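Please open the model in your viewer and keep the sequence beside it. The tour below moves from one selection to the next and says what is found at each stop.

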Amino acid sequence: MAYEVTATRKRPVTFAELEGQDFVVSTINNALNTERIAHAYLFSGPRGVGKTSAARILAKSLNCEKGQSDTPCGVCSNCVSIAKGNSLDVIEIDGASNTSVNDIRTIKEEVLFAPNSSKYKVYIIDEVHMLSNSAFNALLKTIEEPPPYIVFIFATTEIQKVPATIRSRCQQFNFRLISVGKIKEILIKTSEELGLDAEEDALFWIAKEATGSLRDAYTLFDQVVSFSGENITMEKIRTKLGIAGIDSVNKIAEEMAKGNTQRVLELTDEALMGGVSIDQLIIDFTSYFRSILFLKHNIVKEALLGSNPSIFSKEVISIYSVSQVEQAIELLFKLYKDIRFSLNQRFELELVFSRLSSLNTYISPNEILKKIEGIKKELRSGSFSVEQKPQSEEKKSEELSEDIISGIIQSLRKNKLALASALEKATSWKLEGTALQLTFDSTYSGNAVKGDILSIKEKVSEILNKKIDIEVFIVSPSDRESATGVDEDLELVKRVFRGEVVNGEK
Ligand SMILES: [Zn+2]
């Protein structure tokens with residue numbers, strides 16, 4: 001059902017109705033009530049936070065027929081004509097399209113005539129920084145000695161581009177970005193006034209997307225209302241705007257945490273087929289893992305998390321360690337940068353999601369150091385014990401010969417081309433008793449081998465003519481360098497924890 005959007009954007013009439021700019025409002029109100037009126041005001045700040053609205057309110061406050069005050073009536077003919085933009089005494093000029101000296105010269109001539117039907121003649125010049133230098137100079141003379149009935153209100157998003165000579169002659173007000181909480185509050189009020197039934201989560205999402213601009217919030221709100229009808233829900237926003245819902249993000253993240261790469265890639269495909277863009281998916285996961293990081297640190301403030309803390313998967317929070325979550329965010333940030341130059345954005349995404357699925361075994365360098373220290377202590381105190389394997393004659397370590405290695409790879413190449421290529425990337429083939437230990441620099445190749453370990457096991461057992469187990473180690477180049485000094489320690493940790501070092505860094 002299409003819904004007629006008529007008046008979601010209610011223009012504020014008084015300063016009290018101007019949202020989110022309390023400091024500006026109280027100062028101006030004060031000036032109005034004590035009749036200290038400046039002849040030039042400069043409103044600066046980001047777009048969409050209320051500068052132009054404030055300028056119109058100021059004009060009404062000065063010219064309201066009920067008298068100058070901080071509460072213009074909004075109904076007298078002056079107030080109404082200002083609101084409609086057709087007051088003869090309130091002239092709005094767009095600095096972006098009236099930049100020449102001639103335009104300013106016209107203003108200079110006009111200001112000599114007293115206002116028609118109001119107390120003040122008010123010039124509102126928007127985007128004033130766009131004026132040319134000569135236009136500024138022409139304007140300067142007027143501001144220096146204005147007739148008593150003239151008030152200039154300049155607005156700009158780029159205060160640094162307004163010449164200091166102009167700035168110093170104006171009363172300046174800095175408008176700020178409006179907080180997410182405040183925008184949500186405003187949207188709740190607006191929905192109520194329009195008789196709409198809106199989920200708080202949906203309004204919170206709109207507020208978050210608006211990044212501090214009330215105008216952007218209203219624009220997005222209008223858009224959402226136009227396809228939502230009288231019920232605004234997060235579900236409708238997701239379907240219409242192609243955003244991965246928290247449910248599907250939770251589901252994918254849970255499979256990542258469990259190391260289930262296959263499900264992760266399948267679910268990712270579903271999300272992409274459902275219309276979510278690759279960009280959006282990366283953004284969603286980055287902010288998701290950021291929230292998980294905050295929750296790991298017991299930060300539950302909704303405004304910081306971007307959502308209610310209860311919607312995040314308990315499983316994901318409990319499985320991942322802080323350093324694993326940090327690693328996830330880092331990988332996603334890098335991915336977002338990398339895909340701009342990627343041959344195939346989708347492959348790039350899948351590669352990183354596959355890496356995220358092996359994060360649960362990631363141990364940060366700091367954690368490794370801590371564990372080594374702990375083991376050293378235990379060794380010294382004598383409380384450390386390792387499970388002793390019975391000594392057998394096979395228990396000796398040897399590198400496989402090149403011939404055998406190429407034999408294995410060649411015979412795999414017939415049916416398992418990708419696997420053979422991944423296997424070629426192994427940096428070491430060490431036979432330790434009945435276990436073949438394969439080491440990889442590349443997480444991608446290592447994971448590819450892990451993903452089809454049975455085929456390798458079969459082939460190697462067949463070629464070596466005995467039952468062989470395969471163990472895969474993934475060590476990033478930086479680990480290998482740093483590990484050479486503490487090789488024994490690293491080996492000890494690996495053996496004791498039966499784990500592997502996945503992509504560490506210094
Ligand atoms: Zn009025």
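Is cysteine 76 buried or exposed? Select cysteine 76 and you will find that it is buried, with a relative accessible area of 6%, where buried means under 20% relative accessible area, exposed over 50%, and partly exposed in between (1.4 Å probe, protein chains only). Before going further, note that this is a predicted model, in which local features need pLDDT of at least 70 and side-chain atom pairs count only at pLDDT 80 or more, while totals for chains, interfaces and linings use all residues. Residues are numbered from 1 along each chain as its sequence is written, and side-chain values use heavy atoms, with hydrogens and water left out.

Cysteine 64 and cysteine 76, 12 residues apart, both sit in the loop between α2 (51-63) and α3 (77-84), helices here being DSSP runs of H or I with at least four residues and strands runs of E with at least two, numbered from the N terminus. Cysteine 64 is also buried, with a relative accessible area of 5%.

**Two residues with positive phi**

Next, select glutamate 127 in the loop between β3 (121-126) and α5 (133-144). Its phi is near 50°, a positive value in a residue other than glycine, and at 24% relative accessibility glutamate 127 counts as partly exposed. Most residues other than glycine have a negative phi. Then move to asparagine 298, in the loop between α13 and α14, which has a positive phi of about 60° although it is not a glycine; at 67% relative accessibility, asparagine 298 counts as exposed.

**The end of the tour**

Finally, select isoleucine 453, which lies in helix α22 (residues 453-464) and counts as partly exposed at 26% relative accessibility.
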